[in-house]
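Trainee: I am new to this structure and would like to go through it with you step by step. Could we begin with a term that we shall need along the way?

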Amino acid sequence: MLEKKEHVRREGLPELPGDHKGVVLRFAPNPNGPLSFGHSRGLVVNSTYAKQLSGKLILRFDDTDTTVKPPLVSAYDTIAKEVEWLCGFPADKIIIASDRMEFYHQFAEQALNEGFAYVCTCTAEAFREFRVGKTCCPCREREAEENIQHWQEMNSEDGYQPGQAVVRIKTDMTLPNPALRDWPALRIQTNPHPRIGNVWRVWPLLDFQSAVEDHLQNVTHIIRGKDLMDSTRKQKLLYQHFAWQYPETIYWGRVKVHEFGGFSTSQMRKDIEEGIYSGWDDPRLPTLSTLARRGIKPEALRNFWIEIGLSQKDIAVPLATLYSHNTSMIDATAPRLAFVRNPIRIELKGEIDSEVMIRSHPTEELGERKINLDGVVYIETEDHGDVRLKDLCDISSNGTITSIDRSDSRPIVHWVANGKENRLSIPEGKELRVEEGLLESHPHPIGTIVQLERIGYAIIEEDGLLLVHE
RNA sequence: GCUCGCAUAGUGUAGUGGCCCAUCAUGAAGCCCUCUCGAGGCUUCGACCCGGGUUCAAAUCCCGGUGCGAGCACCA
């Protein structure tokens with residue numbers, strides 16, 4: 001029989017491979033600063049699966065680097081709160097790698113004892129030669145006992161110093177992929193850790209720490225960027241040595257947002273400390289704090305990433321896509337207000353009520369605003385001409401009222417009668433443009449998202465308006 | 001250089017051999033709406049990277065090419 005199948009479009013995220021029972025996922029940022037837009041993909045994807053499949057979401061702080069990207073003590077707390085804000089629920093469990101060091105040491109010693117790891121005392125440059133030449137470094141020949149001895153020297157203050165020794169996982173120096181050849185698992189760092197100080201000297205690198213912790217936590221699925229594909233391959237080799245089973249792994253491709261180029265957490269941290277930015281929620285920054293401050297709803301961010309999905313394709317998305325999701329979240333509750341930039345005074349000539357009531361939203365019940373007219377309105381200089389004052393009357397360019405009802409198709413403009421001076425800050429990439437103008441009097445408290453008619457959505461802040469988006 | 005990955009309209013996606021002269025969203029253009037450059041409704045435009053192969057049949061499988069991206073850190 002010829003059966004006509006329905007063409008059904010898949011909605012939401014693709015089905016997760018593997019077993020759907022007892023799913024354990026993790027989101028593992030480096031707490032060297034609060035979360036950024038870039039982190040939000042991993043968080044949304046992992047938490048959405050965890051929620052859909054009634055699984056667990058682990059928030060894990062990968063804070064084992066005290067040198068290149070040292071942890072920021074305040075970020076641990078901030079990130080936990082940001083996770084709850086974005087996901088709508090808190091992480092089921094929080095793991096801090098720097099509290100779990102004894103486990104990493106224990107498995108490192110096991111690896112050394114069982115002969116699938118060794119202490120390498122070559123310099124990074126020297127080892128590069130071996131890696132490129134597919135030849136073994138002499139350190140690889142050490143017996144387990146000798147390795148343990150060197151390991152103890154790594155852990156001792158008067159033993160090896162940073163850069164003088166690392167622990168490597170034995171793979172195969174002839175592996176076609178150079179990235180996998182006897183990769184480094186632990187190294188010496190003497191900078192004190194901001195959370196726990198100088199308790200440890202030998203710290204694991206990501207590939208080792210993450211692999212061990214995923215096993216310890218029974219993580220079932222790892223969903224991460226495809227830049228970590230070789231990390232998966234390295235970790236699988238380690239899992240073979242330990243005879244563990246590696247989780248299902250899914251990748252996403254690189255995302256470029258045109259409006260947010262060139263920010264790194266370390267750089268932002270430096271710039272904030274130097275006063276270039278006012279803080280982590282400076283309107284020009286691509287952080288989650290900034291997006292929250294700017295009135296971007298967590299649901300909008302979630303819908304945005306879910307729509308993009310999990311393809312391994314590298315993409316470039318305009319922020320307009322995120323904004324369109326946000327518009328649908330905020331429009332129904334955003335009262336309308338008029339904000340007139342570059343105002344020009346117009347004296348109304350003709351009959352008109354001295355008091356008008358105007359709806360705060362064209363379709364939603366957001367109440368009405370009462371406006372007292374004393375014969376003068378302000379419109380934007382650019383709008384000057386024969387226009388219709390929205391919800392009021394048609395006028396000619398000298399202010400003569402030609403009709404109360406709309407009489408023709410002349411342009412509709414917004415206007416302010418008894419406004420107050422205000423300013424609107426507009427983030428434009430790394431710049432912040434400020435527009436002065438007259439804002440209609442209103443009763444809305446700080447934090448309200450309003451729609452400035454014909455301009456865009458804005459949030460009311462203590463000292464002015466901040467544009468959400470158009 | 002070595003290794004790995006990806007390739008559908010301007011953008012983002014659906015699609016795992018016949019439902020596909022290809023889905024949905026967004027965009028652009030035009031129209032509608034007692035009245036925003038908002039929201040809503042309608043119409044139109046617009047794509048399977050290239051070349052071979054397998055097959056009765058390929059966007060879908062295989063090979064080659066090209067393009068783009070990533071890893072080869074004592075960062076994550």
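Mentor: A residue counts as buried under 20% relative accessible area, as exposed over 50%, and as partly exposed in between. Please keep in mind that this is a predicted model.

Trainee: Is Lys134 buried, partly exposed or exposed?

Mentor: Lys134 is found in the loop between α4 and α5 (144–154), and its phi is near 55°, a positive value in a residue other than glycine. Most residues other than glycine have a negative phi. The relative accessibility of Lys134 is 42%, so the residue counts as partly exposed.

Trainee: And to which class does Asn218 belong by its relative accessibility?

Mentor: Asn218 is placed in the loop between α6 (206–216) and β8 (221–225), and although it is not a glycine, it has a positive phi of about 55°. Since a residue over 50% is classed as exposed, the 54% relative accessibility of Asn218 makes it exposed.

Trainee: Which strands are at the edges of the open sheet of four strands?

Mentor: The order in this open sheet is β4-β5-β6-β7, with antiparallel pairing. An edge strand here pairs on one side only, and that holds for β4 (117–120) and β7 (202–204).

Trainee: Which residue in β6 stands opposite Val167?

Mentor: Strand β5 (residues 166–169) and β6 run antiparallel and are joined by three bridges. In β6, the residue opposite Val167 is Leu186.

Trainee: At about what angle does helix α3 run to β7?

Mentor: Helix α3 covers residues 101–113 and lies across β4, β5, β6 and β7. Its direction relative to β7 is at about 90°.

Trainee: Turning to RNA strand B, how many charged residues does the surface near it have?

Mentor: Elements that each supply at least two residues of this surface include α4 (124–133), β6 (184–188) and α7 (229–242). By class, the surface near RNA strand B has 19 nonpolar and ten polar residues, while the charged ones number 26.

Definitions and conventions:
Residues numbered from 1 in each chain as written. Chains lettered and ligands numbered in written order. Predicted model: local features only at pLDDT ≥ 70, side-chain atom pairs only at ≥ 80, totals over all residues. Heavy atoms only, no water. Nonpolar A, V, L, I, M, F, W, Y, C, P; charged D, E, K, R; others polar. Pairing = 2+ DSSP bridges. Contact = heavy atoms within 4.5 Å. Axes fitted to C-alpha atoms, helices over the stretch in contact; angles between N-to-C directions. Buried < 20%, exposed > 50% of the residue type's maximum accessible area, 1.4 Å probe, protein only.
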